[in-house]
Amino acid sequence: MARNRYNEDEAIKYKFNKSSLRKVLWYVKPYKKTVVTMTVLMAVMSFVALLPPMLNTFILDYVATGKGGLGLSALALGVVIVGLVAVAVYSDTVFTYFRTLFMTKTGHSIVHDMRFKAFERLQKFAFDYFDNRPNGKILARLTSYLDEMADVFANSFVLLIVDMLRIVIILIWLFVIDFRLALIILAAVVPMSFVVMLLRTVLTRRHRVFRNKRSNRTAFIAENIQGHGVVKAFNRIDKNTAISSELNDEVRKSWDKVIRVNELHMPVMDGFFYIGLAVVYVVVLFMATGTLGIGSLTLGKVIGFISYMGMISGPLNEITSIFQQLSRATSNLESVFDIIETEPTVKDRDGAEELLPVEGNVLFDHVYFSYDNSRMILEDVSFEIPAGRSIALVGPTGAGKSTVVNLLSRFYDLNAGRILIDGQDIAGVTLYSLRKQVGVMMQDSFIFSGTIIENIRYGKPDATDEACIEAARRVHADAFIESLPDGYYTETIEQGAKLSTGERQLISFARVILTDPKILILDEATASIDTHTEALIKEALDVILAGRTSFVIAHRLSTIQKSDCIFYIANKGIAEAGTHAQLMEKRGYYYKLVMSGHKELAKDPAAQPAPQPVPQPAAAAEIEKLREVV
Ligand SMILES: Nc1ncnc2c1ncn2[C@@H]1O[C@H](COP(=O)(O)OP(=O)(O)O)[C@@H](O)[C@H]1O
Ligand SMILES: [Mg+2]
């Protein structure tokens with residue numbers, strides 16, 4: 001999958017179709033009672049609201065002319081009718097108030113459920129999902145896209161049904177009053193519907209473009225917030241402002257295109273409507289003068305007909321704006337469903353079992369792995385580590401050290417081969433049970449907003465304060481934490497922006513130690529920690545690693561020389577494996593690495609450190625030879 005950038009439109013595969021509509025209805029289902037009740041009540045109310053013109057016809061043709069009266073005097077009847085009209089109109093208003101309250105709540109509840117599903121799914125996505133998308137674009141889907149839909153669910157659905165119903169009722173009334181005139185109206189409504197449908201298709205397409213452009217802009221802004229330091233350090237303010245302005249321009253242009261079609265709705269609808277209306281007036285004129293011999297109309301009927309015709313424009317306009325909203329909602333829903341309907345690439349298999357409590361024996365069995373299925377990162381990697389051993393991974397940047405350990409947590413699935421922990425294939429166990437027993441401190445451990453102690457407690461929410469403080473002590477994070485104004489209760493913000501990198505690492509270190517995993521992965525856990533603290537941690541490490549299988553990735557070889565085994569990762573696999581002494585003896589990659597930067601390590605680690613490390617002439621000659629070879 002191509003990496004999506006701020007200047008590339010998102011490739012949203014999901015397209016709205018009939019089955020999507022079913023999915024939408026699935027979200028509406030829990031609120032069926034409210035929606036149905038409101039729809040029925042609205043239908044009744046709109047029927048009531050449609051009565052006044054009918055009553056006008058009645059007043060004009062019967063009461064005023066004294067032809068009718070149901071046994072009442074004309075005045076009494078008039079008063080009763082006026083009262084009825086007032087009640088009808090006002091109860092419609094009162095009802096609208098309550099309907100808005102209930103439906104807004106329902107709309108937001110539906111969006112809440114969708115967001116819940118989307119967020120739940122998002123968290124389940126494997127690393128590859130996030131590797132391939134800018135954060136800003138993901139963010140937009142779960143926030144603004146969904147927010148914009150609350151109103152659609154709150155009002156559009158119900159209004160659409162009711163408005164259609166109102167139009168049907170009005171048409172029926174029109175037919176009752178005079179079917180010939182009604183036919184004229186119908187003749188206008190049918191082609192109008194076709195044109196509106198066409199507009200809707202175009203509009204949805206344009207909304208998609210707009211959505212993508214807006215998403216690009218959000219991605220760029222998010223990237224700039226995250227990288228603000230680099231932006232300033234490299235004097236990119238002007239350049240980035242220019243890019244932002246371009247992206248803004250694209251958003252504006254795509255919105256212009258939306259508006260051009262969007263605003264066509266009214267003229268199109270009104271065009272058809274007024275043509276129909278004009279034809280009706282003309283026909284009425286002919287009727288009134290009896291010119292065409294097509295019969296005549298009473299004054300009441302003319303007034304009634306004209307009133308209803310006027311009333312049709314209300315629901316018609318409303319339907320227009322609902323269609324406009326639906327086009328936007330369709331495009332937004334596509335991007336939300338693109339999350340909800342995407343299966344995570346790494347997930348529990350059907351019938352996945354719990355990973356039983358393990359001792360920590362780890363076996364890589366002919367493991368092949370590629371991030372993008374084109375360039376292999378690991379090829380045919382096999383090794384077995386008995387429980388409780390410590391393994392150090394070293395090797396050049398980009399060799400695949402982090403990849404090896406990420407596979408052990410099943411952050412990615414293998415292309416081929418198996419990884420077994422205590423004989424259980426990690427592909428067949430639940431991710432939850434696996435990750436509970438494999439503790440990871442990643443290269444770039446994240447600090448969340450909250451207090452320091454909450455961050456330490458992150459992986460074990462029921463841990464007591466004492467346990468968290470003890471974990472901090474074990475990794476020697478206590479000194480710096482206690483020196484902070486509020487100690488363990490000092491507030492950190494997202495990404496620990498107010499802490500140094502080393503301090504963040506110490507907190508993450510305490511966090512993983514607290515969970516007491518049987519298998520512990522430390523991916524450059526101490527890379528940014530000062531030498532003094534690192535020395536302290538190194539002492540603590542013996543205690544921390546005791547009784548666990550550990551994988552330690554470190555650049556500082558001093559951290560790793562005591563490991564039971566060192567893996568030198570290169571050439572898509574383990575190029576060398578052995579203890580420090582063995583590998584130094586071997587004079588291969590590891591030896592070369594040690595000699596090039598860490599000469600003091602060339603000595604036997606068990607031996608007493610000499611006050612002045614002396615370069616070894618023999619070894620230096622070896623390096624020269626190697627240089628020639630390379
Ligand atoms: N998410 C990713 N998608 C694609 N390629 C990746 C990804 N992460 C790492 N790589 C590539 O895989 C190789 C191994 O990376 P990694 O295991 O992180 O190396 P390191 O040994 O420095 O920890 C590198 O060439 C890197 O470019
Ligand atoms: Mg790495």
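Predicted model: local features only at pLDDT ≥ 70, side-chain atom pairs only at ≥ 80, totals over all residues.
Residues are numbered from 1 along each chain as its sequence is written, while chains are lettered from A and ligands numbered from 1 in the order in which they are written.

**Helix pair**

I looked up the axes of H8 (residues 179–226) and H12 (residues 299–340), which come within 9 Å and cross at roughly 20° (axes are lines fitted to C-alpha atoms, for helices over the stretch in contact, with angles from 0 to 180 degrees between N-to-C directions; helices are DSSP runs of H or I with at least four residues, strands runs of E with at least two, numbered from the N terminus). H8 and H12 are therefore roughly parallel (under 35 degrees; over 145 is roughly antiparallel, 65 to 115 roughly perpendicular and the rest oblique). Among the residues that meet are Leu181, Ile185 and Arg211 in H8, and Phe305, Met309 and Ser335 in H12 (contact requires C-beta atoms, placed from the backbone, within 7 Å).

**Open sheet**

I then traced an open sheet of six strands in the order S6-S9-S10-S3-S11-S12, with mixed pairing (two strands pair if DSSP finds at least two bridges between them). Strands S6 (438–441) and S12 (573–578) stand at the edges with a single partner strand each, so one side of each is left without a neighbour in the sheet. From one strand to the next the twist averages 20°. Within this sheet I followed S3 (residues 390–394) and S10 (residues 549–553), which pair in the parallel sense over four bridges, and I noted Ile391 opposite Phe551 in S10. Helix H22 (residues 589–597) lies across S3, S11 (565–570) and S12, running at about 95° to S11.

**Ligand 1**

Around ligand 1 I listed residues including Asp131, Tyr371, Gly398, Lys401 and Thr403 (near means a C-beta atom, placed from the backbone, within 6 Å). Helix H13 (residues 401–408) gives the most to this shell, with three residues.

**Hairpin**

Lastly I checked S1 (residues 362–370) and S2 (residues 376–385), which pair in the antiparallel sense over six bridges, with Val367 opposite Val381 in S2. In their hairpin, which has five residues between the strands, Asn373 takes a positive phi near 60°. S1 is also joined by five bridges to S4 (residues 416–421), again antiparallel, and Tyr368 stands opposite Ala416 in S4.

Terms used
Contact = placed C-beta atoms within 7 Å.
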